[in-house]
Amino acid sequence: MPERNIEFGKYGARGIKGFEAVARQLDALAGYIATPVTARRGLLARLHYLTRTTHARTAARAAGLTVTDRTLRAWQAGTRIPSRRNLAAIEQAYRTVRRENVARYLTARLNREGRGTRVEIHPINQSQVDRPRQRAVEFRTMNVRRWDRIVAAWAAADDQEMDDAWVDQVVDLGSQWGQYEYVTNIGFAA
């Protein structure tokens with residue numbers, strides 16, 4: 001399959017784009033705070049992460065958290081509660097800053113000094129596809145040695161660049177790479 005899929009799911013196949021599965025796994029490796037931002041503990045943990053140093057405060061402001069220092073102190077003291085819009089801004093800023101902070105570490109861990117990381121690719125779910133139209137797509141593993149572009153695109157939340165970077169790696173599967181553009185899951189560890 002030399003080209004990208006145009007009408008994925010036309011016959012009932014289910015799955016997600018490969019780069020989205022990679023982004024999910026990178027998010028899992030990033031180690032976000034588990035408590036939701038709507039809980040007091042989760043809010044305080046995120047605010048502490050975003051305000052503990054001058055560098056963190058600068059990164060938070062660059063990520064879109066544009067409230068005054070007085071408001072931040074009131075939220076931390078519990079005298080004021082952020083609105084839903086501000087809770088969403090806090091969560092988005094936290095995830096953006098966390099991605100930027102762990103990107104260099106993840107790149108080094110995944111590249112492993114040129115040895116790379118073994119990646120498991122689980123094919124699309126074809127259980128809803130009529131029998132004559134089903135393809136034989138098997139579970140695959142491959143070793144990805146160059147994670148720099150993938151992790152940089154993930155940290156920048158650039159979906160198009162991440163898709164291009166992931167397809168550049170999947171092409172190493174040979175002539176079957178198009179069968180793995182959409183997948184059920186992609187697994188790897190750092």
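Guide: Y32, Y49 and Y94 form one aromatic cluster. This is a predicted model: local features need pLDDT of at least 70, side-chain atom pairs count only at pLDDT 80 or more, and totals for chains, interfaces and linings use all residues. Residues are numbered from 1 along each chain as its sequence is written, and side-chain values use heavy atoms, leaving out hydrogens and water.

Visitor: How many aromatic pairs does the structure hold?
Guide: Three. Rings of Phe, Tyr and Trp (its six-membered ring) pair if their centres lie within 6.5 Å; planes under 30 degrees apart count as stacked, over 60 as edge-to-face, the rest as tilted.

Visitor: Why is the pair of Y49 and Y94 called edge-to-face?
Guide: The centres are 5.3 Å apart and the planes stand at 80 degrees. That angle is over 60, so the pair is edge-to-face. Y49 lies in helix α2 (residues 40-51) and Y94 in helix α5 (residues 84-111), 45 residues apart.

Visitor: What makes Y94 buried?
Guide: Its relative accessible area is 2%. Buried means under 20%, exposed over 50%, partly exposed in between (1.4 Å probe, protein chains only). So Y94 is buried, and Y49 is buried too, at 10%.

Visitor: Why are W147 and F188 called tilted?
Guide: Their planes meet at 45 degrees, with centres 4.8 Å apart, so the pair is tilted.

Visitor: How do you know that the charged end of R95 sits over the ring of Y32?
Guide: The rule asks for NZ of Lys or CZ of Arg within 6 Å of the ring centre and within 35 degrees of the ring normal. R95 qualifies, at 4.1 Å from the centre of the Y32 ring. R46 sits over the ring of Y94, at 5.3 Å.

Notes
Helices (H or I, at least four residues) and strands (E, at least two) are DSSP runs, numbered from the N terminus.
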